[in-house]
Amino acid sequence: MAPAPSRGDAQGLDPDALRRVQALIDESEVRSSATSRCASRRSRATFDLQRRTDLVQIQQGLGRLEGRTDAEAARTRELVNYMMRVSQQQPPR
């Protein structure tokens with residue numbers, strides 16, 4: 001009886017084929033990792049841009065509110081000053 005052909009490993013796969021498959025898997029993992037890092041950087045950049053945009057909008061809103069508050073305070077001062085002048089006048093005799 002002739003000897004059985006060499007099977008390479010217990011599953012009958014050629015060691016060279018196994019190395020090639022492992023190399024393909026390794027390359028795929030490297031690409032996947034690079035893609036993941038790139039997506040993470042894009043997400044972080046998008047988040048940072050949105051954060052800066054939100055901060056600008058908040059500052060603008062606060063500036064408008066401050067302007068309205070200052071105007072209201074000026075009107076209140078004018079009214080108080082008017083009332084002080086009127087209250088200090090002597091009634092006619």
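This is a predicted model: local features need pLDDT of at least 70, side-chain atom pairs count only at pLDDT 80 or more; totals for chains, interfaces and linings use all residues.
**Figure 1**

**Figure 2. A nonpolar surface patch.** The side chains of L55, I58, L62 and L65 make up a nonpolar patch on the surface, and their accessible area together is about 370 Å². L65, one of the four, is located in helix α1. The relative accessibility of L65 is 46%, so this leucine counts as partly exposed.

**Figure 3. The salt bridge between R19 and D16.** Side chains of opposite charge can pair when their charged atoms come close. Here, the closest N and O atoms of R19 and D16 are 2.2 Å apart, and the two residues form a salt bridge. Both residues lie in helix α1, separated by three residues, or about one turn of the helix. R19 is exposed, at 52% relative accessible area, whereas D16 is partly exposed, at 37%.

**Figure 4. The salt bridge between R75 and E72.** A salt bridge also joins the side chains of R75 and E72, with an N to O distance of 2.7 Å. R75 and E72 are three residues apart in helix α1, about one turn of the helix. R75 is partly exposed, with 47% relative accessibility, and E72 is likewise partly exposed, with 43%. The count of salt bridges comes to two.

**Figure 5. The whole protein chain.** Of its 93 residues, 0% are buried. The accessible surface comes to about 8,800 Å², and carbon and sulfur atoms account for 58% of this area.

Technical notes. Residues are numbered from 1 along each chain as its sequence is written. Side-chain values use heavy atoms; hydrogens and water are left out. Buried means under 20% relative accessible area, exposed over 50%, partly exposed in between (1.4 Å probe, protein chains only). Accessible areas come from the Shrake-Rupley method with a 1.4 Å probe; for residues, only the protein chains shown count as cover. Patches are made of residues with over 30% relative accessible area and no salt bridge: like charges are joined within 9 Å, nonpolar side chains (Val, Leu, Ile, Met, Phe, Trp, Tyr) within 5 Å. A salt bridge is a side-chain nitrogen of Lys or Arg within 4 Å of a carboxyl oxygen of Asp or Glu. Helices (H or I, at least four residues) and strands (E, at least two) are DSSP runs, numbered from the N terminus.
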